[in-house]
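Hi,

Here is the structure I promised to pass on.

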Amino acid sequence: MFTLAHLSDLHLALTPKPSELAGKRGLGYINWQRKRKYIHRPDVLAAITRDLQARSVEHVAVTGDLTNFSMPGEYAWARRWLESVGQPAEVTVIPGNHDVYVRDAQGLPSKFWGDYMRGDDGLERFPFVRRRGDVALIALSTGVPTGPFLATGRLGDRQLAGLAEALEQTRERFRIVLIHHPPVSPARRYFRRLVDADDLRTVLAAKGAELLLHGHDHRRSLAWIAGAGNKKIPAIGVPSASAQAKHANEDPAGYTIFRIDGSAGGWRCETVSYQRSRDGDIGECARFRVY
Ligand SMILES: [Fe+2]
């Protein structure tokens, strides 16, 4: 039995200095002041973190948007949070679009969280692979700087080729693909989509995977996408881990635990989702088997 917890989209935000408010950060800050600072709350994240710490899991996956404006202080804050969750070998991190919010921030996820974003080979490049028990975690990065009003992501040909190779090399294991942007987006999220999602789904349909975990949409979700042969791959999203209450199409804070056992050809995987209620209690809200 291997237990994995999945959290995402912390959106730890600091106030930018006036000199940092040019361009995209300035527009993001207006949105933050008007709306998002009432949604993403450090006290909610602290409560979710305490709840998770009280359960015994072997590994934690964090699928991006740890920061909000890609400010150095936000990466340092996220680093302290990661250290409260576990050692770099026990926690796997990938960046989201908010972690590469502006061009100048491109090296910062690696500078602050590099040891949480490394494969078994010690190399820091995407995709990286971590083998834990019978599980292989295959970590992708879709974070690329984009213009104002865009929250799109891109994998690119090099990562897609690396993903195909990693899925092939780990095919005897329970392969879990970690990615910030979902592989399927509704039309209303066109400007927030993964632009090469078609290419991603082509690789997954050719090579297969047992599970895909994503963030970005701030919703608890399950979509079945085509895998190799006639098998389908469950693509599962979690809400933001800091969302204080339900907002529009977004869910209140929560996380999911996966319990995986069995072997190739006969995997079993149970998911248990936890959610914070309006009065602050955190409890189980859904439980089902994907295998
Ligand atoms: Fe997010």
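His216 sits in the loop that runs between S7 and S8. One thing to know before going on: this is a predicted model. For context, most residues other than glycine have a negative phi. As for accessibility, His216 comes out at 5% relative accessible area, so it counts as buried, the cut-off being under 20%.

His218 is found in that loop between S7 and S8 too. His218 also has a positive phi, about 60 degrees in this case, and is not a glycine either. With a relative accessible area of 6%, His218 is buried.

That brings me to the metal. Which residues coordinate the iron ion? They are Asp9 and Asp65 through OD, and His11 and His218 through NE2, at 2.1 to 2.3 Å. If you want to find them along the chain, the spacing of the donors reads D-x1-H-x53-D-x152-H. Asp65 belongs to the loop between strand S2 (59–63) and helix H3 (72–85), while His218 is in the one between strand S7 (211–214) and strand S8 (221–226), so this pair ties together parts that are 153 residues apart in sequence. Asp65 is buried, with a relative accessible area of 2%. What about the geometry? The angles subtended by the 4 donor atoms around the iron ion run from 85 to 174 degrees, which makes the arrangement irregular. A tetrahedral label would need all angles to lie between 85 and 135 degrees.

Next, have a look at strand S5, residues 135–139. Is it enclosed or open to the outside? 5 of its 5 residues are buried, so S5 is largely enclosed by the rest of the structure. In a regular strand the side chains alternate between the two faces of the sheet. Both faces of S5 are covered: on one side Val135, Leu137 and Ala139 are buried, and on the other Ala136 and Ile138 are.

S5 has a strand partner in S4 (residues 128–132), and the two pair in the antiparallel sense over 5 bridges. Within that pairing, Arg130 has Leu137 of S5 as its bridge partner. S4 and S5 make a hairpin with 2 residues between them, and Gly133 in the turn shows a positive phi of about 60 degrees.

S5 also pairs with strand S6 (residues 174–179), this time in the parallel sense, again over 5 bridges. Here the bridge partner of Ile138 is Val177 in S6. To get from S5 to S6 the chain passes through helix H5 (residues 156–169), and this β-α-β crossover is right-handed.

Most peptide bonds are trans. The bond joining Phe126 and Pro127, however, is cis, with omega at about -5 degrees. Pro127 lies in the loop between helix H4 (108–113) and S4.

The largest pocket holds about 1000 Å³ of space. It is lined by 43 residues, and those closest to its centre are Arg36, Ala151, Arg189, Arg192 and Glu250. Helix H1 (24–34) and S8 each supply at least two residues of that lining, and H1 gives the most, with 7 residues.

Cheers

Notes. Residues are numbered from 1 along each chain as its sequence is written. This is a predicted model: local features need pLDDT of at least 70, side-chain atom pairs count only at pLDDT 80 or more; totals for chains, interfaces and linings use all residues. Side-chain values use heavy atoms; hydrogens and water are left out. Buried means under 20% relative accessible area, exposed over 50%, partly exposed in between (1.4 Å probe, protein chains only). Helices (H or I, at least four residues) and strands (E, at least two) are DSSP runs, numbered from the N terminus. Two strands pair if DSSP finds at least two bridges between them. A crossover is right-handed if, with the strands pointing away from the viewer, the path from the first strand over the helix to the second runs clockwise. Donors are N, O and S atoms within 2.8 Å of the metal (3.2 Å for Na, K and Ca); water is not among the atoms, so sites may look incomplete. Four donors count as tetrahedral if all angles lie between 85 and 135 degrees; four count as square planar and six as octahedral if opposite donors are over 155 degrees apart and all others between 65 and 115; anything else is irregular. On a 1 Å grid over the protein atoms alone, a cavity is a set of points where a 1.4 Å probe fits but cannot get out, and a pocket is an open set with protein on both sides within 12 Å along at least five of seven lines; lining residues have an atom within 4 Å of a point. Grid points are joined across faces, edges and corners, and a volume is the space filled by probe spheres set on the points.
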